[in-house]
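User: I'd like to learn how to read a structure like this one. Could you walk me through it, feature by feature?

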Amino acid sequence: MKGEKDSKQKIELDDDIKQLVITRIEAQMSPHLRLSIGEGGSLGINEMIKHIKDEDQIGKQIITSHLEFIKAQASGALISALNSVE
Amino acid sequence: MKKSVLITLPNFDDVTTYLSIFSKEIILNCQKNQIKIKCLEKEKVTSINTTNIIKKLDCKMIIFNGHGSPKSIRGHKNEKLISLGENDYLLNNRITYARSCWALLELGKKCVEGNKGCFIGYKIPFMFIIDNTRITNPIKDNIAKIFFDTSNLVPIGLIKGHTAKESNENSKRSMLKAINKALTNNDKDSHAIAQILWNNYISQGVVGDANEQL
C-alpha cells in the first residue's frame with residue numbers, strides 16, 4: 001500500500017518537473033528560437049515540449065539541462081562561478 | 001608528428017551546417033598563425049578519408065565537428081569516424097577537440113590512456129540556440145554566435161600556442177562572461193541563452209595530458 005503511494009507520488013513529482021520545464025520554455029524562449037541538441041536536430045518550442053511529454057532521450061536531456069541550471073542557481077554554484085570571472 | 005591541424009566540416013543538417021560555418025574563425029586563425037590546416041568537408045567526411053589523412057599527414061591536432069555518442073564521433077550522414085575499441089588508437093599522442101555530444105565520457109578517456117595525448121570535449125550534449133530568422137544565413141545569427149565564439153576558444157587557444165588546460169579554461173571563462181552578459185541584458189531570451197551556456201560550461205572538459213601544446 002505504502003509502495004503504491006510512494007510510486008504515485010514519484011509519478012506526480014515527475015509530472016510536476018515536466019510541467020515546470022515546459023512552463024520555463026514557454027516563458028523564456030521566443031518563437032523564432034530553436035534549440036540544437038545533437039542528433040535531435042534543431043527544435044522549436046512545440047517540438048521541445050513534445051519530446052518532454054514523450055519522455056524520450058531528448059526530452060530527458062532538455063529536462064536535465066533545466067534542472068542543472070536551477071540547481072546551480074539554488075546552490076550558489078552559478079553566482080560563485082560568475083563572480084570568479086568579474 | 002607534424003605541427004598541423006585536421007578539421008572535419010560535415011554539412012548535412014542544421015546542426016552540422018552551423019558547426020561547420022562557425023568553424024571559419026578556427027581556420028582563419030590557423031592561416032594567421034601559419035599553421036597548416038587540412039579541411040575535410042561535407043560528403044568527404046568519411047571514416048576512410050579521416051583515417052587516411054590522419055595516417056598520411058600525421059597532424060598533431062584534430063578538430064571534429066559533428067554528432068557523437070559516448071563511444072563514437074561521427075561524420076557525413078552520421079558515419080562513424082572514430083569508434084571506441086576499433087580505431088580510437090588514431091588519436092593517441094594527439095590533441096583532439098571534439099565538438100560532439102557525449103564523446104568525452106568514454107571515447108575521450110580511452111584514447112588518451114597510456115600516451116601523451118589529450119582530448120577536449122563534452123560529457124553531455126553540446127547545445128546551442130539558433131535564431132530561425134537567420135537560418136538561411138547562419139553567419140549572421142548573433143544568438144548562435146555566442147555559443148560558437150566561446151567554444152571556438154578551445155582550438156584557437158591551442159593554435160595560438162596555449163596548453164590544452166589554458167585553452168579549455170579560457171573558453172570556459174568566456175562562457176561565464178557570456179552568461180553574465182545575458183543575465184544582465186534580462187530580455188525574454190537571455191535566461192534560455194544563459195542556461196544553455198551553463199550546460200556547455202559544466203560539460204566541457206579535458207582528459208589526458210592537459211599541458212600538451214600544438
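User: How many helices and strands are there in chain A?

Analyst: A quick note on the ground rules: this is a predicted model, where local features need pLDDT of at least 70, side-chain atom pairs count only at pLDDT 80 or more, and totals for chains, interfaces and linings use all residues. Residues are numbered from 1 along each chain as its sequence is written, while chains are lettered from A and ligands numbered from 1 in the order in which they are written. Helices (H or I, at least four residues) and strands (E, at least two) are DSSP runs, numbered from the N terminus. Chain A has four helices and two strands, and along the sequence they follow the pattern α-β-β-α-α-α.

User: What scores does the model get?

Analyst: It has ipTM 0.92 and pTM 0.94. There's also pLDDT, the predictor's confidence in each residue, from 0 to 100. Where pLDDT is low, the predicted coordinates should not be read in detail. Chain B averages 96, and 100% of its residues score at least 70.

User: At what angle do α2(A) and α3(A) pack?

Analyst: Axes are lines fitted to C-alpha atoms, for helices over the stretch in contact, and angles run from 0 to 180 degrees between N-to-C directions. Helix α2 (residues 45-54) and helix α3 (residues 57-75) of chain A pack at about 100 degrees, with axes 7 Å apart. Angles under 35 degrees count as roughly parallel, over 145 as roughly antiparallel, 65 to 115 as roughly perpendicular and the rest as oblique. α2(A) and α3(A) are therefore roughly perpendicular.

User: Which residues make that contact?

Analyst: Two residues are in contact if their C-beta atoms, placed from the backbone, lie within 7 Å. On α2(A) they are Met48(A), His51(A), Ile52(A) and Asp54(A), and on α3(A) Ile58(A), Gly59(A), Ile62(A) and Ile63(A). For classes, Ala, Val, Leu, Ile, Met, Phe, Trp, Tyr, Cys and Pro count as nonpolar, Asp, Glu, Lys and Arg as charged, and the others, Gly among them, as polar. This contact has five nonpolar, two polar and one charged residues.

User: What is the order of the three-strand open sheet?

Analyst: Strands of a sheet pair through backbone hydrogen bonds, either parallel or antiparallel. Here, two strands pair if DSSP finds at least two bridges between them. The order is β2(A)-β1(A)-β9(B), with antiparallel pairing. β2 (42-43) of chain A and β9 (127-131) of chain B are at the edges with a single partner strand each, so one side of each has no neighbour in the sheet. β1 (residues 33-37) of chain A pairs with β2(A) over two bridges, and five bridges join β1(A) to β9(B). Look at Ser36(A): its bridge partner in β2(A) is Ser42(A), and in β9(B) the partner is Phe128(B).

User: How many residues does each chain give to the contact between chains A and B?

Analyst: Chain A gives 23 residues and chain B gives 28. On the chain A side, β1, α3 and α4 (77-83) each supply two or more residues, with the largest share, six residues, coming from α3(A). By class, that side divides into ten nonpolar, ten polar and three charged.

User: And what is the strand order in the six-strand open sheet of chain B?

Analyst: It goes β2-β1-β3-β7-β8-β10, with mixed pairing. β2 (36-41) and β10 (204-208) of chain B stand at the edges, and the twist averages 15 degrees from one strand to the next. As a parallel example, β1 (residues 2-9) of chain B pairs with β2(B) over six bridges, with Leu6(B) opposite Lys38(B).
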